[in-house]
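Here is a short tour of one model for you to follow on screen. Have your viewer ready, and let's begin with the backbone.

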Amino acid sequence: MATTSSCYTSPFHTGVFSKQQSILPSSTSLLTCSTRRSPISLRSISRPMVVAAAANAVEAEKPAVAPTPSKILPFRVGHGFDLHRLEPGYPLIIGGIDIPHDRGCEAHSDGDVLLHCVVDAILGALGLPDIGQIFPDSDPKWKGAASSVFIKEAVRLMDEAGYELGNLDATLILQRPKLSPHKEAIRANLSLLLGADPTVVNLKAKTHEKVDSLGENRSIAAHTVVLLMKK
């Protein structure tokens, strides 16, 4: 069966084959070739072929791949929270200071809600697992352990990662006892454990207005936010 072919070029801006417009330069021309069968056939087949101009041949632009973000940040922020039940027969230790009270924190270690909270804030800022994973209460070696051990490990990890404490802000929540007489001793000891200047360590205490377990003197809680700075 005899066939005839004919080709023509058209400027790209005419709108022919508009699907290619997003990936070809304005100087690109289109070469359209039509192959027709003999007059016996009533069908004709048109097959487009795109040819880039020789002087300005370009590849279709590949999707940009976002660069991997650096893990070395100028600063990091972490938040910590802890809560313990208050029960008779236990010492009440806050920030490493023994506070006189008729009940204390029931916990696997010494139950220091403030130090536990600070440890979690530092670990969170470093992107590490929480205190319960690093020092699990299922491990008998932490039974009754002083929470200063946990703080020292958190500080070691912070130093190993190349960071130092920028500042710390902690809030203790408990109905009793009043912490005003003990705040400075707690802050000084916490600063010492962290190896930080006391001026960058802040401590606040709030009651819970006699609402729920915190307000009924059945529990104690703490929140801490830390800012770590790259050394």
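## A loop with positive phi

Lysine 210 sits in the loop between strand 9 and helix 5, where helices (H or I, at least four residues) and strands (E, at least two) are DSSP runs numbered from the N terminus. This is a predicted model, in which local features need pLDDT of at least 70, side-chain atom pairs count only at pLDDT 80 or more, and totals for chains, interfaces and linings use all residues. Residues are numbered from 1 along each chain as its sequence is written, and side-chain values use heavy atoms, with hydrogens and water left out.

The phi of lysine 210 is near 60 degrees, a positive value in a residue other than glycine. Glutamate 209 lies in the loop between strand 9 (201-206) and helix 5 (212-215), and has a positive phi of about 50 degrees although it is not a glycine. Is glutamate 209 buried or exposed? At 63% relative accessibility, glutamate 209 counts as exposed, and lysine 210 is exposed at 67% (buried is under 20% relative accessible area, exposed over 50%, partly exposed in between, with a 1.4 Å probe and protein chains only).

## A cis peptide bond

Arginine 176 and proline 177 are joined by a cis peptide bond, with omega about -5 degrees. You will find proline 177 in the loop between strand 8 (163-173) and helix 4 (183-194).

## Valine 225

Valine 225 belongs to strand 10. With a relative accessible area of 39%, valine 225 is partly exposed.
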